[in-house]
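Please read the points alongside the sequence and the coordinates.

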Amino acid sequence: METLLSPSALLSPLRGSKKPSPGAVSCSLRKQTPPTQAGVAWSGDGASSGAGSWASFLHHGLAAAALSLALTLAPAPAPVAASEFDVLNDGPPADTYVVDDAGVLSRVTKSDVKRLARDLEARKNIRINFVTVRKLTSKADAFEYADQVLEKWYPTVEAGSNKGIVVLVTSQKEGAITGGPEFVKAVGDAILDATVSENLPVLATDEKYNEAIYSTAKRLVAAIDGLEDPGGPAFQESKRESNYKSKQETEEKRGQFTLVVGGLLVIAFVVPMAQYYAYISKK
């Protein structure tokens with residue numbers, strides 16, 4: 001009777017196996033069930049108590065369910081972001097004209113830039129590629145990296161003569177433009193210098209990356225088409241101006257600083273002395 005009523009004998013039919021002979025239950029379970037399955041946790045030794053085996057079974061079952069739920073609800077790992085080296089190795093974009101490695105350009109900006117660049121290439125046989133990167137680790141500045149991109153994407157003078165590269169580095173708030181002889185001649189040194197010193201850095205400082213790229217594209221296309229220069233953003237519109245104080249503002253800040261420091265000195269010396277004299281007078 002003890003064998004028939006033992007927890008191990010009662011649980012064995014739940015496992016879908018035939019009823020084993022008394023005394024061989026624990027051995028049979030160990031042989032049929034791999035050590036990594038949950039059955040080992042709740043079956044245990046044939047001599048273990050029924051309450052303990054059920055508690056162990058429930059404990060491991062809940063833990064397995066929690067782990068399964070966590071794996072199910074966990075977000076998928078984010079894709080690995082490209083780097084400046086990936087931009088070099090991937091080559092020029094086939095038909096988008098934009099490599100937004102920094103991830104700062106909107107879909108509308110990409111579409112507008114693509115439309116301008118594709119139309120320009122169809123009419124003038126001059127191609128401009130636009131690249132954004134978060135930071136540079138291999139080159140000192142955006143100009144060196146732009147030259148590197150041009151040489152990597154178009155290794156020969158013939159292949160790169162009519163190509164232009166616009167680079168915007170978001171962390172450094174700077175940009176650069178380079179290109180082959182035909183591209184540089186079509187744009188002109190004046191517009192190249194103005195675009196690099198106005199459109200890209202000024203708007204990037206304000207984190208207006210979409211406007212920086214699109215306004216640069218419009219300015220370069222206008223120069224190649226021989227149209228009037230649309231110009232760039234004025235420096236007074238940039239937040240850079242807030243970094244420079246006028247002489248009057250400097251004097252006002254200096255006066256306020258002197259007043260605050262003087263007040264602190266009075267508190268530091270007068271209050272302790274007053275407390276000291278009050279203590280002496282009590283004695």
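1. Strand pairing is assigned here where DSSP finds at least two bridges between two strands. Helices (H or I, at least four residues) and strands (E, at least two) are DSSP runs, numbered from the N terminus. Within this scheme, V166 has I177 in β4 as its bridge partner.

2. Basis of the note. This is a predicted model, in which local features need pLDDT of at least 70 and side-chain atom pairs count only at pLDDT 80 or more, while totals for chains, interfaces and linings use all residues. Residues are numbered from 1 along each chain as its sequence is written, and side-chain values use heavy atoms, with hydrogens and water left out.

3. Overall composition. The protein has 12 helices and 4 strands. Of its 283 residues, 32% count as buried, where buried means under 20% relative accessible area, exposed over 50%, and partly exposed in between (1.4 Å probe, protein chains only). The accessible surface, computed by the Shrake-Rupley method with a 1.4 Å probe, comes to about 17,800 Å², and 60% of this belongs to carbon and sulfur atoms. With contact defined as heavy atoms within 4.5 Å, residues 24 or more positions apart account for 62% of the contacts with a separation of 6 or more.

4. The strands form an open sheet of 4 in the order β1-β2-β3-β4, with mixed pairing. β1 (98-100) and β4 (174-179) are the edge strands; each has a single partner strand, so one side of each is left without a neighbour in the sheet. From one strand to the next, the twist averages 10 degrees. Angles run from 0 to 180 degrees between N-to-C directions, and axes are lines fitted to C-alpha atoms, for helices over the stretch in contact.

5. Parallel pairs. β1 and β2 run parallel and are joined by 3 bridges; D100 has T132 in β2 as its bridge partner. The chain passes from β1 through helix α6 (residues 107-124) to β2, and this β-α-β crossover is left-handed. A right-handed crossover would be one in which, with the strands pointing away from the viewer, the path from the first strand over the helix to the second runs clockwise. β2 and β3 also run parallel, with 7 bridges between them. In β3, T132 is partnered by L168 and I128 by G164.

6. Antiparallel pair. β3 (residues 163-169) and β4 pair in the antiparallel sense over 6 bridges. I165 has T178 in β4 as its bridge partner, and L168 stands opposite G175 in β4. The hairpin of these strands has 4 residues between them, and K173 there takes a positive phi near 55 degrees.

7. Burial of the strands. In β2, 7 of the 7 residues are buried, so the strand is largely enclosed by the rest of the structure. In a regular strand the side chains alternate between the two faces of the sheet. Both faces of β2 are covered, with R127, N129, V131 and V133 buried on one side and I128, F130 and T132 on the other.

8. Helix α10. Helix α10 (residues 189-205) lies across β3 and β4 and runs at about 150 degrees to β4.

9. Nonpolar cores. A nonpolar core is a set of buried Ala, Val, Leu, Ile, Met, Phe, Trp, Tyr and Cys residues joined through side-chain atoms within 4.5 Å. The largest has 27 residues, of which I128, F130, I177, F183, V187 and L220 touch the most other members. Two or more residues of this core come from each of α6, β2, β3, α9 (181-187), α10 and α11 (209-224), and α11 gives the most, with 8 residues. Not counting residues up to four places away in sequence, L220 touches I128, V166, I177, V187, I191, L192 and T195. Another core, of 17 residues, lies apart from it and includes V87, V131, L136 and I165.
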